[in-house]
Amino acid sequence: MKIIIQKFGGTSVSSTEKRKLVVSKIKKAIEEGYNPVVVVSAMGRDGDSYATDTLLSLLDVNFRTDNKLAADLIACCGEIISATVICSELYKVGLNSTPLTGGQAGIITNNEFSNAEVIETKPDAILKVLNEGKVPVITGFQGETREKYFTTLGRGGSDTSASIVGVALNAEKIEIYTDVDGIMTADPRIVDNASLISQINYNDVFQFADQGAKVIHPTAVKIAMLSGIPLIIKNTMNDSEGTIISKNIPSSGNKIITGITHVKDRVQIKINYNDNKDNSYYDSVLELLALNNISIDLINVFPDSNVFTIDKNNLEKLSNLLNQFSIKYNFIDNCCKIALIGSEMRGIPGVMARITKTLKINNVDILQTADSHTTIWCLVKECDVKKAIKSLHNEFQMSKK
Ligand code: ADP
Ligand code: MG
């Protein structure tokens, strides 16, 4: 059996018109001799009737926090509606299909409600549907605990569902359909002349996804990479070739930077030695944060200070902790961490100099920088992020020709 996974994101299933396009993609795969296994997200985005955030907003915020099991149950409803509606659309064009919840599709997870991890996949039910000559339509973003409670896999988790099912069925490829032509050199909502990256290797795309490009979930990339199954990102709305992600793809050709992405909601924390001279806890502050599960990054340790960033959701926890130990600190909130990604920058001198010069010319303050062999990060204020990304995109000549 020649299996292909076709995952359709929220916007792709959001209207009757778009659902017709979804059906045409499934039909085309069948005509090409594939047995498609379809994975769908909930319809639309926040505010749309059956979108996940809309469903969650029906619950009291505190109830939701204290009852993650219940929150996951309502969060799963969007995909259940979407999968069933797609089956109905397939029926209209003479294609038989069966909707399957994550649990019915054999996706077993741990008990970490709202961010569950898949611990086992038993694809028997999917194979049964395929053997009956039908199209399995699986609800993305969800699984089931061994005790049969519905769980969700975290935001963007439908991509993970697609990869999990693809690996379990040894699929030939996994197609991720979305509302852009593929992976672009920058988020097209920020840079209108961003260009399409037609091929990219798993490592580079993992960096992209991990550093904030929403277009594919990093876990989905990791899972597909371990089994070497190609991932293809395509636009539901047109027939463009999309982006092919696989191994052995030379990275960005002669381009130093493959693309730019960013993570928002970062807070920069600075703890000065001079403010904490007499505090014996100063030397173990990073350890204290680790013990309390506060994840930090862009860490710079200087003789006279420690500087790092945290997610804004952890600011209250951090401030309670540091106050408890009387550690004085300063912070700058509303920061964004910009990442310039590309394995070709390894060993090329002057990249950081070009970045800092470009940002300076454009009046963007750099709050902090860091670099690895494949990525350079710059922390900037949120109000500067669009200007910074656009100017760097321009400086490294990444625009459409
Ligand atoms: P879906 O609902 O189909 O899963 P997402 O909203 O999760 O779609 O991902 C698609 C969005 O990712 C695009 O609309 C685009 O704004 C955003 N995005 C961010 N960075 C990039 C990038 N480098 N290339 C393409 N899209 C990107
Ligand atoms: Mg997505």
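The model is predicted, so local features need pLDDT of at least 70 and side-chain atom pairs count only at pLDDT 80 or more, while totals for chains, interfaces and linings use all residues. Residues are numbered from 1 along each chain as its sequence is written, chains are lettered from A and ligands numbered from 1 in the order in which they are written, and side-chain values use heavy atoms, with hydrogens and water left out.

When I say helix or strand, I mean a DSSP run, H or I with at least four residues for helices and E with at least two for strands, numbered from the N terminus. Two strands pair if DSSP finds at least two bridges between them.

Let's start with the sheet of eight strands. It is open, its pairing is mixed, and the order is β3-β6-β2-β1-β9-β11-β12-β10. At the edges sit β3, residues 97-100, and β10, residues 199-201, each pairing on one side only. From one strand to the next, the twist averages 20°; angles here run from 0 to 180 degrees between N-to-C directions, with axes fitted as lines to C-alpha atoms, for helices over the stretch in contact.

Helix α5, residues 77-92, packs on this sheet and touches β2, β3 and β6. Contact means heavy atoms within 4.5 Å. The direction of α5 makes about 160° with that of β6.

Now look at β9, residues 173-178. Is this strand enclosed or open? Five of its six residues are buried, so β9 is largely enclosed by the rest of the structure. Buried means under 20% relative accessible area, exposed means over 50%, and partly exposed is in between, with a 1.4 Å probe and protein chains only. On one pairing, β9 runs parallel to β1, residues 3-8, over five bridges, with isoleucine 4 partnered by lysine 173. On another, five bridges join β9 to β11, residues 231-235, again in parallel, and there tyrosine 177 stands opposite lysine 234.

Threonine 243 has a relative accessible area of 0%, so it counts as buried. Its side chain reaches the backbone nitrogen of isoleucine 183 at 2.7 Å. That is a polar contact, meaning a pair of N or O atoms within 3.5 Å; within protein, one must be able to donate a hydrogen and the other to accept it, and residues adjacent in sequence count only if both atoms are side-chain atoms. Beyond its neighbours within four places in sequence, threonine 243 touches residues including Asp181, Leu196, Ile200 and Leu231.

Next, the ligand. How many residues surround ligand 1? There are 19, and the closest are Arg45, Thr178, Asp179, Asp187 and Arg189; a residue counts as near if one of its heavy atoms lies within 4 Å. An oxygen atom of ligand 1 is 2.7 Å from an N or O atom in the side chain of threonine 178. A polar backbone atom of glycine 10 lies 3.1 Å from an oxygen of the ligand, and a backbone polar atom of methionine 184 lies 3.0 Å from a ligand nitrogen. The protein covers 92% of the 570 Å² of accessible area that ligand 1 has on its own, by the Shrake-Rupley method with a 1.4 Å probe; for residues, only the protein chains shown count as cover.

On to the other sheet. Six strands form an open, antiparallel sheet in the order β14-β15-β13-β16-β18-β17. Its edge strands are β14 (297-302) and β17 (368-371), and the twist averages 30° from one strand to the next. Seven bridges join β13, residues 259-272, to β15, residues 305-311, and lysine 270 stands opposite valine 307.

Leucine 298, in β14, has a positive phi of about 45° although it is not a glycine, and it is buried at 9% relative accessibility. Asparagine 170 also has a positive phi, near 50°. Asparagine 170 sits in the loop between α7 and β9 and is exposed, at 63%.
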